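The following note sets out some points on the model shown below. Please read each point alongside the coordinates.

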Amino acid sequence: ASATPAYLYDPFAAVPDLDFSGDSEEDDETPEPIDSQEIFDLVATMCDPEHPITLGELAVVNLDHIWITDDDNGLTKTVRLEFTPTITHCHLATVIGLGLVVRLQQSLPPKYRIDVRCREGTHTTDAQLNKQLADKERVLSALENETLMGLVGKMIETCK
Amino acid sequence: MKLTQLASIAAHPDRVWQVAPHPTLPFLATASADKSSKIISLLNFNTLTTLDGGHKRTVRSVAWKPNTEDEPVLATGSFDYNAGIWRQFEDEATEKKDWQFLVILEGHESEMKRVAWSAGGSFLATCSRDKSVWVWEEMDDDNFETVAVLQDHTQDVKCVAWHPEDVLLASGSYDNNIMLYKEGSDDWVCVKVLEGHESTVWSLEFEPLKSPKYSEERGSRLVSCSDDFTVKIWTRTEQTGLGSGGGQLPSILRGSQPKEEWECTATLPKAHSRSVYSVSWSKVTGRIVSCGGDGKIVVYEEAEDNEWKIVAEVGLAHGAYEINCVAWSTRYDKDKRGENDEIIISSCDDGKVNFWVLDEE
């Protein structure tokens with residue numbers, strides 16, 4: 001899988017079809033809004049950066065910890081995903097957070113604001129970690145880091 | 001009042017982090033994640049030149065050197081850790097104007113976040129994720145020396161801005177603080193820490209001297225914006241300085257450090273629901289404009305001393321995209337209404353640059 005979201009390079013690129021299976025018999029013209037189950041399906045098959053186990057199986061991501069809210073402006077939506085590192089001192093928590101951001105940025109249209117956060121109390125440095133993940137400039141400069149993007153690419157490889 | 005879009009151009013195929021209108025000439029410069037900068041005309045909004053090949057990663061920041069009308073000079077700061085100096089020159093043979101990548105300023109150990117020239121153009125400040133602020137002095141043409149490495153912040157330094165008159169530098173950081181620096185008797189020193197923001201300080205700008213609300217009696221002011229969703233105004237209450245040089249001071253003061261006292265005098269009415277990334281202070285009207293991750297552009301006016309109100313607001317100013325930068329600029333296009341007419345320029349994540357006019361409703 002390409003590690004670079006198409007939106008970052010070509011704003012005019014068509015929004016990729018989100019392959020949400022399930023509603024095959026219903027062929028509505030207006031697609032159903034994306035729900036938290038679909039967000040979960042996008043990230044649950046991602047792989048842990050160290051083990052060949054998915055984030056869903058490890059319960060790093062949970063359906064109950066995904067929220068989608070409409071912003072006041074009537075167009076944009078905010079996806080909040082709180083993840084739970086397997087251990088409180090997990091040294092790869094930043095990479096997991098970044099991987100989740102990249103996966104959602106690649107998959108969702110630009111009107112989705114993506115807030116990926118480490119669940120409060122589940123990591124020794126969760127406040128620090130969350131400030132980093134909330135910092136657009138740091139996240140985007142990390143996406144230019146090849147080593148980091150190599151790790152993130154491996155996490156996403158297992159999707160589909 | 002009402003903000004109306006005057007023009008919108010697809011300037012880059014990738015995010016535009018910053019736009020900087022030239023202080024006296026009719027064009028602006030952009031800083032983009034596509035590793036280039038563009039020079040765009042403010043007469044007709046056409047792209048005049050692309051400055052590329054200078055940086056290996058995102059160009060995060062651009063700044064025009066003041067007082068260089070004949071041969072404009074632009075500084076660029078990049079995630080590749082370096083700053084670049086570009087100059088426009090006229091090819092004597094063809095009489096065509098072109099741009100030259102003159103100098104590369106190396107030294108920072110991580111991504112550069114902002115570049116800013118001092119009012120007279122003799123100093124360039126740069127800041128970086130390496131937690132430091134560097135002051136460079138142009139000793140002679142294109143020869144820069146590092147005169148200070150300031151390491152007072154404990155985190156990523158996001159922005160730097162110079163006072164419009166004094167040799168006073170401000171920086172804002174991921175550590176939530178704003179720091180002020182001056183040249184002391186031996187060295188540059190941090191003379192004041194402004195605490196008050198509850199999260200990252202994204203941008204800073206001093207009140208222009210020409211602003212109709214500027215008052216020497218009240219003291220200089222500084223506007224800052226933050227990831228805590230607020231915009232704050234800070235006012236100078238006291239200063240002692242070494243001024244034009246330590247040698248002229250009475251001996252008793254020699255070796256003492258300059259002093260600055262500032263306090264937060266206003267928090268602008270809350271309008272943003274995500275990070276506020278950029279602020280700009282108009283030298284014509286004294287109004288302030290802000291923008292942010294919520295896609296809004298907001299204009300504030302000072303109704304009474306330190307009492308601010310919102311006079312205009314546009315949501316979804318760049319559609320679904322986040323807005324990274326706003327700047328006031330002199331208006332130059334064919335429909336300008338007098339010498340003092342102004343526009344607002346904004347830039348966003350999908351590579352567009354938009355131009356706005358503020359009108360009475």
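1. In chain B, 54% of the contacts with a separation of 6 or more join residues 24 or more positions apart; two residues are in contact if their C-beta atoms, placed from the backbone, lie within 7 Å. The model is predicted: local features need pLDDT of at least 70, side-chain atom pairs count only at pLDDT 80 or more, and totals for chains, interfaces and linings use all residues. Residues are numbered from 1 along each chain as its sequence is written, while chains are lettered from A and ligands numbered from 1 in the order in which they are written.

2. Chain B has 29 strands and zero helices (DSSP runs numbered from the N terminus: E, at least two residues, for strands; H or I, at least four, for helices). Its radius of gyration is 20 Å, close to the 21 Å that the globule rule gives for 361 residues, so chain B is as compact as a globular protein of that length. The radius is taken over C-alpha atoms, and the rule is 2.2 Å times the number of residues to the power 0.38.

3. The C-alpha atoms of chain B fill a box of roughly 60 × 55 × 35 Å along the principal axes.

4. The contact between the chains takes 14 residues from chain A and 18 residues from chain B. On the side of chain A that touches chain B, the elements giving two or more residues are α1 (6–9) and α5 (136–142) of chain A.
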